Amino acid sequence: GRVVASGTRDNETIAIDTKRPAIYTARQSFATGRGMYTNLVYRIHFPEQPYSLIPFHLGAGNHVGLLVILTLDADQRVLLVTTANTCGCYAVSIPTAALPVDWYPEDWPKETIPVYGEQFPARLPELGAQSALLVSVRGEVQRIRDMQVVPKERLSHGAVIKAELLGLDNLKTLPLNDGSTTSFYYTGWPLAGHVKGAIKPWETLLLS
């Protein structure tokens with residue numbers, strides 16, 4: 001949903017409006033010894049992951065989110081697909097067929113990559129003009145469970161809800177009722193940079 005704020009600077013409330021689906025995006029360039037690259041960042045948020053003992057939800061808490069990052073080369077080919085929860089957990093980077101095999105780590109698996117109970121393909125087909133990346137999310141726990149490269153026409157079948165694309169920087173200037181703005185992130189020590197309200201006790205105790 002869309003991240004919204006209400007109240008005043010001294011008494012604010014941050015919420016996720018699921019009636020207004022939104023994807024927050026950014027384009028970030030960087031250079032290495034091999035050349036220039038670009039990351040296309042896609043970020044989404046959910047109101048919460050519910051608390052549950054059976055089944056046990058390790059990541060239970062508010063304002064959970066997911067990241068999908070496409071790394072492009074200078075020719076705009078997608079070389080890597082990286083996914084992670086916005087807390088930094090469950091991160092994985094998967095090469096596409098556009099990435100030379102001799103750039104892989106020596107011990108890179110051939111078939112699948114295990115990530116805390118999920119299985120991802122160890123490599124993806126190349127993304128072309130007529131294809132798209134389909135990211136599947138596991139219900140309730142809101143973790144990415146699969147990634148596939150599919151024909152674009154497949155995405156037009158069934159019930160499709162389009163999400164608004166918003167700049168990632170919008171999360172730092174959420175409008176309040178008193179005319180001021182606030183950030184989705186804490187700005188002061190000790191939680192500077194963390195999402196407001198995203199306290200996940202089980203994950204902090206057992207995984208961090």
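Start with the loop that holds Pro190: which elements does that loop lie between?

A: Pro190 sits in the loop between β16 (181-182) and α1 (201-206). This is a predicted model. The peptide bond between Trp189 and Pro190 is cis. Its omega is about 5°.

Another cis bond links Ile54 to Pro55. Omega there is about -5°. Pro55 is also a loop residue, placed between β5 (48-49) and β6 (61-62).

Now the wider setting. The fold has one helix and 16 strands. The radius of gyration is 19 Å, close to the 17 Å that the globule rule gives for 208 residues, so the protein is as compact as a globular protein of that length. Along the principal axes, the C-alpha atoms fill a box of roughly 55 × 40 × 40 Å. Take the contacts between residues at least 6 apart in sequence: 47% of them join residues at least 24 apart.

Next, the interior. Of the 208 residues, 38% are buried. In soluble globular proteins, nonpolar side chains tend to be buried together. Here the largest nonpolar core has 19 residues. Leu70, Val81, Val92, Ile94, Phe120 and Met147 have the most contacts inside this core. Five strands each supply at least two of its residues: β7 (65-72), β8 (78-85), β9 (92-95), β10 (112-115) and β13 (143-151). The largest share, four residues, comes from β7.

Val92 shows how the packing works out residue by residue. Set aside its neighbours within four places in sequence, and Val92 is in contact with Val81, Thr82, Thr83, Ile113, Val115, Phe120 and Met147. Among these partners, Val81, Phe120 and Met147 are also on the list of residues with the most contacts inside the core.

Two residues in the loop between β12 (131-138) and β13 stand out: Glu140 and Gln142. Glu140 has a phi near 70°, a positive value in a residue other than glycine. Gln142 is not a glycine either, yet its phi is positive, at about 55°. Glu140 has 47% relative accessibility, so it counts as partly exposed. Gln142 has 12%, so it counts as buried. The cut-off for buried is under 20%.

Then there is Val101, in the loop between β9 and β10. Val101 is a nonpolar residue on the outside: its relative accessibility is 55%, so it counts as exposed. The cut-off here is over 50%. Val101 is 91 residues from Asp10 in sequence. In space the two are 54 Å apart, C-alpha to C-alpha.

Last, the surface and its charges. The accessible surface comes to about 12300 Å². Carbon and sulfur atoms account for 55% of that area. There are 19 positive and 19 negative side chains. The centres of the two sets lie 3 Å apart.

Back to the starting point.

Notes. Residues are numbered from 1 along each chain as its sequence is written. This is a predicted model: local features need pLDDT of at least 70, side-chain atom pairs count only at pLDDT 80 or more; totals for chains, interfaces and linings use all residues. Side-chain values use heavy atoms; hydrogens and water are left out. The radius of gyration is taken over C-alpha atoms; the globule rule is 2.2 Å times the number of residues to the power 0.38. Buried means under 20% relative accessible area, exposed over 50%, partly exposed in between (1.4 Å probe, protein chains only). Contact means heavy atoms within 4.5 Å. Accessible areas come from the Shrake-Rupley method with a 1.4 Å probe; for residues, only the protein chains shown count as cover. Lys and Arg count as positive and Asp and Glu as negative; His and the chain ends are not counted. The place of a charge is taken as NZ of Lys, CZ of Arg, CG of Asp or CD of Glu. A nonpolar core is a set of buried Ala, Val, Leu, Ile, Met, Phe, Trp, Tyr and Cys residues joined through side-chain atoms within 4.5 Å.
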